[in-house]
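Keep the viewer open as you read.

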Amino acid sequence: MISAGAFAQIETPVKWAYGAKRISTTEAVIFLRATIDDGWHIYSLNVKDGGPIKTSFTFPASKDYTLVGKTVEPAPISKYEPSFKMDVSYFEKTVTFQQKIKLKTAGATVVKGSLEYMTCNDHKCLPPDDVDFSIPVGK
């Protein structure tokens, strides 16, 4: 008798892509885009305590740029989720988060950071995931 081991399939219902656009000689906007598989969703930047893990972005200090304001998101879907016993805000299909930066140098730079998010469907949630990113900003 031949027995094959069972391998757990790692589910990755969210794919991240990044970009940057200079909007002046001293400012740029960083774009962080999530493409989400059908039936899944990720949570807003603004989730109350006691709910799911909210999406968050961390940008370490840099000698090349400073952050301008907070990371912004489009209007999320909001609804009551019985599993959390509260209204939660989330995104389906795609969402692009934006962070404005002020450049301290005229040359090209790289914006590095990390993001944390949690993804759920109607049946389960996956453990929160941390993703590092590195986004070039051209001249």
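Start at Val-111, which sits in strand β9; strands here are DSSP runs of E with at least two residues, helices are runs of H or I with at least four residues, and both are numbered from the N terminus. A word on the ground rules: this is a predicted model, in which local features need pLDDT of at least 70 and side-chain atom pairs count only at pLDDT 80 or more, while totals for chains, interfaces and linings use all residues. Residues are numbered from 1 along each chain as its sequence is written, and side-chain values use heavy atoms, with hydrogens and water left out.

Val-111 has a relative accessible area of 0%, so it counts as buried. That label means under 20% relative accessible area, whereas exposed means over 50% and partly exposed covers the range in between, with a 1.4 Å probe and protein chains only. What does Val-111 touch, once residues up to four places away in sequence are set aside? Its partners are Ile-30, Phe-59, Tyr-65, Ile-101, Phe-133, Ser-134, Ile-135 and Val-137, where contact means heavy atoms within 4.5 Å. Asp-130 is another matter: 19 residues separate Val-111 and Asp-130 in sequence, and their C-alpha atoms are 17 Å apart in space.

Stay in strand β9 and move to Ser-114. With 22% relative accessibility, Ser-114 is partly exposed. Leaving out residues up to four places away in sequence, Ser-114 touches Ser-56, Phe-57, Thr-58, Val-131, Asp-132 and Phe-133. Beyond its neighbours within four places in sequence, Val-131 is in contact with Trp-16, Tyr-18, Gly-113, Ser-114, Leu-115 and Tyr-117. Pro-76, by comparison, is 55 residues from Val-131 in sequence and 21 Å from it in space, C-alpha to C-alpha.

From these residues we can turn to the interior. In soluble globular proteins, nonpolar side chains tend to be buried together. A nonpolar core is taken here as a set of buried Ala, Val, Leu, Ile, Met, Phe, Trp, Tyr and Cys residues joined through side-chain atoms within 4.5 Å. The largest such core has 26 residues, and those that touch the most other members are Trp-16, Leu-32, Ile-36, Ile-42, Phe-57, Phe-97 and Ile-101. At least two residues of this core come from each of β1 (14-22), β2 (27-36), β8 (94-103), β9 (109-117) and β11 (129-137). Strand β2 gives the largest share, with five residues. Another core, of eight residues, lies apart from this one and includes Val-88, Tyr-90, Met-118 and Cys-120.

Not counting residues up to four places away in sequence, Ile-36 touches Pro-13, Val-14, His-41, Ile-42, Phe-91, Glu-92, Lys-93 and Val-95.

A pair of aromatic rings is described by the distance of the centres and the angle of the planes. Rings of Phe, Tyr and Trp (its six-membered ring) pair if their centres lie within 6.5 Å; planes under 30 degrees apart are stacked, over 60 edge-to-face, and the rest tilted. Eight aromatic pairs are found in the structure. Ring pairs join Trp-16, Phe-57, Phe-91, Phe-97 and Tyr-117 into a cluster.

Now for the loops and their backbone angles. Lys-85, in the loop between β6 (77-81) and β7 (86-91), has a positive phi of about 55° although it is not a glycine. Lys-85 is exposed, its relative accessible area being 66%. Lys-93 lies in the loop between β7 and β8, and its phi is near 65°, a positive value in a residue other than glycine. Is Lys-93 buried or exposed? Its relative accessible area is 53%, so Lys-93 is exposed.

Finally, zoom out to the protein chain. Its secondary structure comes to zero helices and 11 strands. The C-alpha atoms fill a box of roughly 65 × 45 × 25 Å along the principal axes. Of its 139 residues, 35% count as buried. Among contacts between residues at least 6 apart in sequence, 69% join residues at least 24 apart.

The protein chain exposes about 8700 Å², of which carbon and sulfur atoms supply 54%; accessible areas come from the Shrake-Rupley method with a 1.4 Å probe, and for residues only the protein chains shown count as cover. The chain carries 17 positive and 15 negative charges, whose mean positions are 10 Å apart. Here Lys and Arg count as positive and Asp and Glu as negative, without His and the chain ends, and each charge is placed at NZ of Lys, CZ of Arg, CG of Asp or CD of Glu.
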